[in-house]
Amino acid sequence: NGGTVTPTFSGTAGGSFSSTVGLQISNTSTGAVNLAASTPGIYTVTYTVPAGGGCAVYTTTASITITALPTATISYGPSVICPNSSPVPVIRTGTSGGGFSATGGLVIDPSSGTITPGAAGTFSVSLTFAAANGCPQVIVNTNVTIGDNIPPVLTVPSAKNIECNTSTLPAATGQATATDNCTPSGSIIINYSDVITNGNCVNRYTITRTWTATDASGNTTSGT
């Protein structure tokens, strides 16, 4: 990921270091390798002492492995993750492997990163690559918010004219309905309140009925 490494050396000085394309030797006299400029792979480094004093050219070799530092991104796709909903898979790019963990009691599969949403809250999810092959431990984090702030969609019955001896209960005049992104329709609480305005004639009046739908997260929508 960066820095340089220099070989452990003993023996005749004055030679030079070389290798194949991809390994960046920044100093041919010391054999220092520029890690950031080198391509991951396995290389053979050759140390060569030129002929001199009646001695032939001398060479010796050593192997070096350049390992890429793990890199990754993680996220969770839905813009709204409902409490106590179905498992949500992680979206990840980059290096495979590593292990997942989460804070606050969020249930997570340590291998796949899939979370099982429970109570509402904001949680931190981490993908950890253990230190290996000379590389340090790498941790990638993301936040996951579980919660619902979207109110139900309320549909109210149309206005109705009824006779004075007819029931004014919703069973007779019409019942409001509601849908929600997180709460099943059957679990949405629908209430109403009435305001009665007397008319110009006896037994003639107007009922203004205000409906309110409340989902499991406490979001409300009202309509008349």
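Predicted model: local features only at pLDDT ≥ 70, side-chain atom pairs only at ≥ 80, totals over all residues.

Let me start with the disulfide. How many disulfides does the structure hold? There is one, and it joins cysteine 82 to cysteine 182, with an S to S distance of 1.8 Å. In general terms, a disulfide is a covalent bond between the sulfur atoms of two cysteines. Where do the two cysteines lie? Cysteine 82 is in the loop between strand S7, residues 72-75, and strand S8, residues 91-94. Cysteine 182 is in the loop between strand S15, residues 177-179, and strand S16, residues 189-198. The pair therefore ties together parts that are 100 residues apart in sequence. The torsion about the S-S bond is about -75°, so this disulfide is left-handed.

Are the two cysteines buried or exposed? Cysteine 82 has a relative accessibility of 13% and counts as buried, because buried means under 20% relative accessible area. Cysteine 182, at 22%, is partly exposed.

In soluble globular proteins, nonpolar side chains tend to be buried together. The largest nonpolar core in this model has 18 residues, and Tyr76, Ile115 and Val125 have the most contacts inside it. Which elements give two or more residues to this core? They are S7, strand S12, residues 121-129, and strand S13, residues 138-146. Another core, of ten residues, lies apart from this one; Leu23, Val33, Tyr47 and Val49 are among its members.

Setting aside neighbours within four places in sequence, the residues in contact with valine 125 include Ile74, Tyr76, Phe100, Leu106, Ile108, Val140 and Val144. Ser101, Asn141 and Thr142 are also among its contacts.

The largest pocket has a volume of about 710 Å³. It is lined by 23 residues, and those closest to its centre are Lys160, Asn161, Ile162, Thr206 and Ile207. Which strand gives the most to this lining? Strand S17, residues 205-214, does, with six residues.

Finally, I would like to point out threonine 221, which is found in strand S18, residues 220-223. The side chain of threonine 221 reaches the backbone oxygen of proline 152 at 2.6 Å. Beyond residues up to four places away in sequence, threonine 221 touches Pro151, Pro152, Leu154, Trp211, Thr212 and Ala213.

Thank you for your attention.

Technical notes. Residues numbered from 1 in each chain as written. Heavy atoms only, no water. Disulfide = S-S within 2.5 Å. Helix = DSSP H or I, 4+ residues; strand = E, 2+ residues; numbered from the N terminus. Buried < 20%, exposed > 50% of the residue type's maximum accessible area, 1.4 Å probe, protein only. Polar contact = N/O pair within 3.5 Å; in protein donor to acceptor, adjacent residues only side chain to side chain. Contact = heavy atoms within 4.5 Å. Core = buried A, V, L, I, M, F, W, Y, C linked by side-chain atoms within 4.5 Å. 1 Å grid on protein atoms, 1.4 Å probe; cavity = no way out; pocket = protein on both sides within 12 Å on 5 of 7 lines; lining within 4 Å. Points joined across faces, edges and corners; volume = space filled by probe spheres on them.
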